[in-house]
Amino acid sequence: MHVLNKSFLYAIACLLLAMVTIQSGASIAKQLFPHVGPEGTTAYRLGFSALILCLVFRPWRHLPKNWRPVILYGLSLGIMNLTFYYAIERIPLGIGVALEFTGPLAVALFSSRRKRDYLWVALALAGILLLLPNMGEVDGLDPIGVLLALTAGACWAGYILFGKKSGGHGSGGATVAIGMGVAAFAVVPVGVISQGSALLDWSLIPLGIAIGLLSSALPYSLEMVALKKMPAQGFSIMMSMEPAIAALAGLVILGELLSGWQWLAIFMVIAASLGSSLSSKE
């Protein structure tokens with residue numbers, strides 16, 4: 001029991017560190033949008049992440065026997081990154097993550113069989129709806145940004161489910177490296193076609209490497225370690241802190257101010273996840 005608790009606490013520590021680094025990286029990434037757009041920033045993130053992870057973990061030594069979940073994991077990862085960057089180009093970082101979080105929250109809730117969890121679904125939906133009013137007004141949220149964030153959430157759910165299936169062979173780091181390679185192969189050409197030679201600006205490349213390290217290479221490796229030590233539902237529940245961390249990162253790094261109602265909506269989503277966690281342990 002002592003070993004189990006120690007393993008679980010280690011997984012929690014990995015997730016907390018992953019959330020802090022990934023949202024710090026997202027805040028830095030958003031500052032690159034005026035130079036290379038969301039497509040170029042995604043290309044930096046996935047390309048450098050794949051390179052770093054392959055150099056560190058040498059995944060060719062741990063090739064999977066079943067490639068299908070790894071490929072789906074990588075595609076979910078790549079599309080999630082691209083649609084999320086498109087979203088936060090239009091809406092604040094904290095709100096984008098709150099909407100994106102519908103993916104892992106759905107994984108946690110749909111894996112439960114308790115009727116009371118419908119209450120947590122209702123609370124999460126209420127929080128999301130609280131973010132949506134007045135989208136057509138000048139100061140309202142961009143509706144396309146909202147839809148893109150929800151799309152990223154669906155990909156996030158796929159990332160969790162396929163990551164769990166593909167993380168059982170070899171080392172978790174090797175799995176992430178292979179998945180990141182798949183994501184880079186699928187998405188980097190989009191950035192190259194869209195931004196061209198702008199990606200070769202030597203003043204931007206160090207930032208691109210930092211984004212790749214902070215936003216993907218380090219946090220996804222930590223998340224894969226956590227996925228191997230806890231069930232998918234527990235992983236999704238722990239990620240409930242992500243919207244608040246993102247909102248704080250957006251405030252500190254980007255100066256993105258949220259209204260009281262928007263903060264309330266974010267914490268309603270978090271409360272729904274935590275409530276699901278408590279009920280699942282009963």
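User: Helices (H or I, at least four residues) and strands (E, at least two) are taken here as DSSP runs, numbered from the N terminus; how many helices and strands make up the secondary structure of the protein?

Analyst: The model is a predicted one. Read from the N terminus, its elements run α-α-α-α-α-α-α-α-α-α-α-α. The secondary structure therefore comes to twelve helices and zero strands.

User: What percentage of the residues in the protein is buried?

Analyst: A residue counts as buried when its relative accessible area is under 20%. Over the 282 residues of this predicted protein, the buried share comes to 53%.

User: Which residue forms a salt bridge with K30?

Analyst: The structure holds two salt bridges, and in the one that involves K30 the closest N and O atoms are 2.5 Å apart. The pair links distant parts of the chain, since K30 belongs to helix α1 (residues 2-30) while its partner sits in the loop between α11 (242-254) and α12 (260-280), 226 residues apart. That partner is E256.

User: Is K30 buried or exposed?

Analyst: The cut-off for a buried residue is a relative accessible area under 20%. K30 has a relative accessibility of 16%, so K30 falls on the buried side of that cut-off. E256, the residue with which K30 forms a salt bridge, also has a relative accessible area of 16% and is buried. The class of K30 is therefore buried.

User: How many residues apart in sequence are the parts that the pair of R90 and D142 ties together?

Analyst: R90 and D142 form a salt bridge whose closest N and O atoms are 3.1 Å apart. R90 lies in the loop between α3 (67-88) and α4 (93-100), whereas D142 lies in the loop between α6 (117-131) and α7, so the parts tied together by this pair are separated in sequence. Both residues are partly exposed, R90 with a relative accessible area of 40% and D142 with 23%. The separation in sequence is 52 residues.

User: How far apart are the end C-alpha atoms of helix α7?

Analyst: Helix α7 covers residues 143-166, which is 24 residues, and at 1.5 Å a residue the helix should span 34 Å. The expected span is 1.5 Å times one less than the number of residues. The distance computed between the end C-alpha atoms agrees with the expectation, at 34 Å.

User: Which residue follows α11 with a positive phi?

Analyst: The 13 residues of α11 should span 18 Å at 1.5 Å a residue, and the end C-alpha atoms of α11 lie 17 Å apart, which agrees. The buried residues of α11 include P243, I245 and G250. After the helix comes a residue whose phi is near 70 degrees, namely G255.

User: Is α4 roughly parallel or roughly antiparallel to α11?

Analyst: The two helices pack with their axes 7 Å apart and at an angle of about 165 degrees. Angles over 145 degrees count as roughly antiparallel, and α4 passes α11 in a right-handed crossing. The angle of about 165 degrees lies in that class, so the arrangement of α4 and α11 is roughly antiparallel.

User: At roughly what angle do the axes of α2 and helix α9 cross?

Analyst: The axes of α2 and helix α9 (residues 205-229) come within 7 Å, and α2 passes α9 in a right-handed crossing. The two helices are therefore oblique to each other, their crossing angle being roughly 60 degrees.

User: Which residue in the loop between α2 and α3 has a C-alpha atom 8.1 Å from that of T175?

Analyst: That loop holds R58, whose phi is near 45 degrees, a positive value in a residue other than glycine. The residue asked for is likewise in the loop, is partly exposed with a relative accessible area of 27%, and is 113 residues from T175 in sequence. The residue is H62.

Terms used:
Residues are numbered from 1 along each chain as its sequence is written. This is a predicted model: local features need pLDDT of at least 70, side-chain atom pairs count only at pLDDT 80 or more; totals for chains, interfaces and linings use all residues. Side-chain values use heavy atoms; hydrogens and water are left out. A salt bridge is a side-chain nitrogen of Lys or Arg within 4 Å of a carboxyl oxygen of Asp or Glu. Buried means under 20% relative accessible area, exposed over 50%, partly exposed in between (1.4 Å probe, protein chains only). Axes are lines fitted to C-alpha atoms, for helices over the stretch in contact, and angles run from 0 to 180 degrees between N-to-C directions. Angles under 35 degrees count as roughly parallel, over 145 as roughly antiparallel, 65 to 115 as roughly perpendicular and the rest as oblique. A crossing is left-handed if the near helix is turned anticlockwise from the far one by less than a right angle, and right-handed if clockwise.
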